[in-house]
Amino acid sequence: MEFNFGLKKTDPIRIEMNDGVDPPKSQLPHYSGFGSEEDSLGSFYHLVPKKPKENWAKFLQNDKKNLRFLAMLETGHPEDGNRLFIVTYELSNDAINVYEPPQRNSGNMGGKWMERTHVKNPATGENYRPHELYVGATMEFRKHKFKLLEADEFTLRYMERNKYPNSDLTLIISKLKDKFRQQSGMIRKTFKAIDKDNSAGLDAKEFRAVLERFNFDLTDQEVISVMRTFDPDADGTVRYDEFVDAVIGPDYYHTPAN
């Protein structure tokens with residue numbers, strides 16, 4: 001019997017390895033809400049945390065370009081009914097911040113409601129992307145739901161120029177074509193019936209009422225895009241004859257103005 005370092009040598013123990021079993025993977029820790037999620041993940045991936053990489057090309061291309069929306073809280077609390085917020089999406093880094101303008105005698109101080117940070121869309125689990133913000137959309141920040149009510153002129157033009165889904169008039173028209181062609185005569189009669197003063201134009205509320213009567217499901221942003229295109233005088237009325245002609249005519253392609 002051989003001895004080595006005072007220990008008796010024995011036959012080796014055979015261990016069968018099962019190559020079909022994957023080794024366990026580390027689970028990402030739950031985001032605590034402090035700081036940015038990228039900073040928190042730096043402590044998970046590296047023993048010595050590293051600063052998250054920044055896309056400088058994107059930053060330089062979109063520096064100081066922000067999408068701004070007026071929003072309201074969607075709650076069942078009557079005291080929140082008159083509260084308005086400014087939601088800003090920074091195109092340079094995809095961060096979002098929420099500001100509440102002070103209102104006298106409202107009982108609310110106003111000010112920063114949410115510091116600039118990346119926010120995940122609960123429906124996708126990914127950070128909100130710019131095309132997911134549009135008038136009429138409902139967004140969730142810190143377990144609070146906000147409905148976007150209005151957008152500033154730069155935001156509307158940017159979304160139209162970059163053909164965001166709810167601002168691309170070509171897509172909107174193509175979505176309506178089939179139904180319009182089947183009922184074009186009735187639709188024209190309905191437009192003229194609602195146009196009491198025979199001005200050949202309808203305001204946004206009247207225009208939406210006609211669309212809803214024929215079950216045309218357009219978002220608030222899509223209605224705004226239509227109004228901006230078929231309202232050449234910018235007086236808040238859409239020229240419905242031009243609109244119907246565009247929908248039932250040959251394939252429509254819209255080129256936004258710069």
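Modeller: The model is predicted, so local features need pLDDT of at least 70 and side-chain atom pairs count only at pLDDT 80 or more, while totals for chains, interfaces and linings use all residues. Residues are numbered from 1 along each chain as its sequence is written, and side-chain values use heavy atoms, with hydrogens and water left out.

Biologist: Thanks! How many helices and strands does the protein chain have?

Modeller: Helices are DSSP runs of H or I with at least four residues, strands are E runs of at least two, and both are numbered from the N terminus. By that count the protein chain has 7 helices and 10 strands.

Biologist: What is the radius of gyration of the protein chain?

Modeller: The C-alpha atoms fill a box of roughly 115 × 50 × 40 Å along the principal axes. The radius is taken over C-alpha atoms, and the globule rule is 2.2 Å times the number of residues to the power 0.38. A compact globule of 258 residues would come out near 18 Å, but the protein chain has 28 Å.

Biologist: How far apart are the closest N and O atoms of Asp 80 and Arg 83?

Modeller: A salt bridge here is a side-chain nitrogen of Lys or Arg within 4 Å of a carboxyl oxygen of Asp or Glu. Asp 80 and Arg 83 form one, with their closest N and O atoms at 3.1 Å.

Biologist: Which helices hold Asp 220 and Arg 208?

Modeller: These two form a salt bridge, with the closest N and O atoms 2.7 Å apart. The pair ties together parts that are 12 residues apart in sequence, because Asp 220 lies in helix H6 (residues 220-229) and Arg 208 in helix H5 (residues 204-213).

Biologist: And how many salt bridges does the count come to?

Modeller: Some are joined up: Glu 153, Arg 157, Glu 160 and Arg 228 are linked in a network. The count comes to 13 salt bridges.
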